[in-house]
Number of protein chains: 2
Amino acid sequence: FVASHVHPFWIQFFYFFIIDLFGSLLLMVLKPADPDLKPRYVDMFFLSTSALTVSGLSTVEMERLSSSQIVVTGLLMLVGGEVFVSMLSVFCRTGKQSVAELTISRVNSVRTELETIDSVSTIERIESGTDISFKDLRKSCLKLLGSVILVYWVFFHVTGFVACLVYLTIIPSAREVLKGKGINLALFAFYATVSSFANGGLIPTNENMAIFTKNSGLLLFLVALVLAGNTLFPLFLRGAIWALKYLVKNEELEFMLKSPREIKFDHLLTNLKTFFRSITVLGIMGFMITLFCSLDWGHPVFDGLNWYQKVVSALFMSVNARHAGENSIDCSLISPAVLLFIIFMMYLPSSATFMPVKESEEKKHIGEKDNFKGRNTSVASMLIFPQVLCIIIFVIVACILERRRLLLDPLNFSTLNVIFEVISAYGNVGLSTGYACSRLQKLHPEMICTDKPYSFAGWWSDEGKLLLAFVMLYGRLKKFSERNGKAWTLKG
Amino acid sequence: FVASHVHPFWIQFFYFFIIDLFGSLLLMVLKPADPDLKPRYVDMFFLSTSALTVSGLSTVEMERLSSSQIVVTGLLMLVGGEVFVSMLSVFCRTGKQSVAELTISRVNSVRTELETIDSVSTIERIESGTDISFKDLRKSCLKLLGSVILVYWVFFHVTGFVACLVYLTIIPSAREVLKGKGINLALFAFYATVSSFANGGLIPTNENMAIFTKNSGLLLFLVALVLAGNTLFPLFLRGAIWALKYLVKNEELEFMLKSPREIKFDHLLTNLKTFFRSITVLGIMGFMITLFCSLDWGHPVFDGLNWYQKVVSALFMSVNARHAGENSIDCSLISPAVLLFIIFMMYLPSSATFMPVKESEEKKHIGEKDNFKGRNTSVASMLIFPQVLCIIIFVIVACILERRRLLLDPLNFSTLNVIFEVISAYGNVGLSTGYACSRLQKLHPEMICTDKPYSFAGWWSDEGKLLLAFVMLYGRLKKFSERNGKAWTLKG
Ligand SMILES: [K+]
Ligand SMILES: [K+]
């Protein structure tokens, strides 16, 4: 409804694409820590895409990268995270609104506004008789919202960094691990905070968080950051605005809480919807923990952990299976039933909400959908395509590209693992079943093979890697095609 | 819109459930051909469900069944086929309408009718001023439609049987196979015709149609029956009515062609929709043939066939992957990419239509959806649940039930094969990857194992078999939950 001639899809597309290219070139130019590592461009492009789209798959060993490369990937995750991007979009809108006011005549802008916003609010406004003041109110709301998100974002990064650093300094077992690997404590704390809050999933250790599987405190702490940075962001944001309203009585804050639809910010929802979305997040987590613990309690995947550490690991995995993608255990040891549920969780967009849709509610939804259609005509319609069908096509293409390996090495290159990797890339999650030479040698004992601590994608052909990079970018921009999970809401 | 107090879902549910139980008991009572075979009830229940729901998975060797048991499964497929069931539903509706007219006062029925049918047609009728004659017209339309379908059904069975018998008598290679197995030619011709037209997928040979892989004529001939009996039924039905209209000028026939929505028969569609549905069927077939031939041309799956036989086999598989489920080749040898596409085809309901939805069309759809909601209130709402989610749950439960085998024998009990079997049951298709002892012995050379020529499901535990039987029944009744593929139409 802001007078803009460029569709938001293209803005985000170029934002991601240009930073992606720039990041990959920067990673190529910088020297890796291990002088033996001659990074190939396809791997650096993959890493840059993976960091920027907060996917977290990697085709190189993280410990062989230099500190400067690590910092670059950290910054890529920082600018690619959902909270940061949504904050930028709010600032863009306030900026554009001011420009629009200067250039376009008042009458014109009021008319277009009248046309695009839904009729109920128009009537409300006409009744209140303050059309211009309403517009000003919304503008100042947007500004205030931007500031609130900025404070929210800074708060979690600072407290996250400090708490992480304190934990690493106090607990010797965690500190020793990092010292042994020669990783700076502050760098790790910074990186883990950024990665967790952005739901990036990259960690500068080869083993990701699996090396800290017994540091339950650290895991729990990252869980909070992961939730605050993505799936529970709407809940926390609403909570923050609500708390702020108690401190300072303010017209804008009240307006934001009462009619979040007017703001048109994806993460600001009505009370009811915030409730159902949070319930959905917690419900799926609870189910996953129950399933995982009941099926894999005595299995090798939890070897060497006591019951408390097992439960924390299960919780950590259940939180990370939606978007964050850090892993505290070896995914390839998880039993197939749980793996399937993880695939389902990875597929679910973070906006998925199961709510008992009432008749009146549903009508509103249809109204919204129509609105949405009006907004996205030419560009997004290209992208509107059943999501499941897209994934099937991606997986089939991946199977065609990797067909030789699927034939030779069916235990590692099982179709399930390929599906897992593709959906992990599509959902920007970054969990991976990895690759084990022991599985190859079960069928071909004569073959020589060295285990590598990176994602399964690292064993794919260059074409396969490029496909996954494309899928990650597509997945990051999927909200433009999926109507923000409304398909799920309507059907659920 | 017919005054009925029992929801159509319950009628079909009891129809299937009672015949299923009856069939399974009959199969238990009848003696198998092989006296060594002591059939267990779970297997006979599975077979009965599989035949009745026209799925075609089997957990016993078909050749060990006696002729009487074969005939019973044939009859079960006959009464379970889509054309037969839809014909019954038409006759039911005409019957009920007469009863309703006798019991319910005219005013009442007119009022309810006015409420339920969409407003456009109501206006039309009021304008034409012949409300009662309109109702009579629709009634006679239903009667005529029932007769047309009956003739259609009889025609394909008779010509199918005769042509099949002639082929078997003339071509020595086909005849010798059946003689060697001691199967009566006429019984085989009857069974193959019924099975193909009903899209049942059971064949009285252990190898299904794979033993006739070089009899391209027979395969092509069954392809026509398979298409006539399910996916292209709307096209053929419309063609038949259209041809009939040319022969005898008739008001009812014209009405059926002009306003098929008024008849409310699932397989009678508008011109445009018939066109798009047929295009969808042919397009998917064409894509599948191309994919299959280009990926597997020189592979073992086509061993010993010349190029013509390869193409016919690919065509046969592409037709059978949607609902019929007869196989002319060994599915476990198909490459993963094609297997994934087959899974997608099996998942697609036969009513799936990809059509470019126009604005005006879409509005009509929304209207229809609302109508539909009015019709299906309490019962079907239980079933309205995202279909993909249902399948994920079924697969996860299957993986939990078979978890020991998944661990021990990952090449046969791969998650992909489990998914394949569940979706095959859900889509009532009946293709199966089977089980190969050679794959087990690759990993465990010490284990003793005998290959069995039946579906992969035959190797599952009893709980797994019962789950699949439930999935088959659920799949047969899924049209009540999926809004007749409209979800696909709207999104595609
Ligand atoms: K991630
Ligand atoms: K079938």
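A residue is called buried when its relative accessible area is under 20%. With that definition in place, I turn to the structure, which is a predicted model.

Let me begin with chain A as a whole. The chain has 492 residues, and 57% of them count as buried. Its secondary structure consists of 24 helices and 0 strands. Among contacts in chain A with a separation of 6 or more, 77% are made by residues 24 or more positions apart. The accessible surface amounts to about 20,400 Å², and carbon and sulfur atoms contribute 67% of that area.

I now come to the metal sites. Which residues coordinate the potassium ion that is ligand 1? The donors are the O atoms of V54(A), S55(A), N199(A), H323(A), A324(A), N428(A) and V429(A), at 2.4 to 2.9 Å. Along the chain, these donors follow the spacing V-S-x143-N-x123-H-A-x103-N-V. Consider one pair among them: V54(A) sits in the loop between α2 (41-52) and α3 (67-80), while N199(A) sits in the loop between α9 (185-197) and α10 (216-229), so the pair ties together parts of chain A that are 145 residues apart in sequence.

Chain B supplies the donors for the potassium ion that is ligand 2. Here the coordinating O atoms belong to V54(B), S55(B), N199(B), G200(B), H323(B), A324(B), N428(B) and V429(B), at 2.4 to 3.2 Å. The donor spacing in sequence reads V-S-x143-N-G-x122-H-A-x103-N-V. Again I select one pair: A324(B) belongs to helix α15 (residues 307-324) and V429(B) to the loop between α21 (415-426) and α22 (437-443), so parts of chain B that are 105 residues apart in sequence are tied together by this pair. Why does A324(B) count as buried? Its relative accessibility is 0%, and the cut-off for a buried residue is under 20%. V429(B), also at 0% relative accessibility, counts as buried too.

Note on methods: Residues numbered from 1 in each chain as written. Chains lettered and ligands numbered in written order. Predicted model: local features only at pLDDT ≥ 70, side-chain atom pairs only at ≥ 80, totals over all residues. Heavy atoms only, no water. Helix = DSSP H or I, 4+ residues; strand = E, 2+ residues; numbered from the N terminus. Buried < 20%, exposed > 50% of the residue type's maximum accessible area, 1.4 Å probe, protein only. Contact = heavy atoms within 4.5 Å. Areas by Shrake-Rupley, 256 points an atom, 1.4 Å probe, with all protein chains shown as cover. Donors = N, O, S within 2.8 Å, 3.2 Å for Na, K, Ca; no water.
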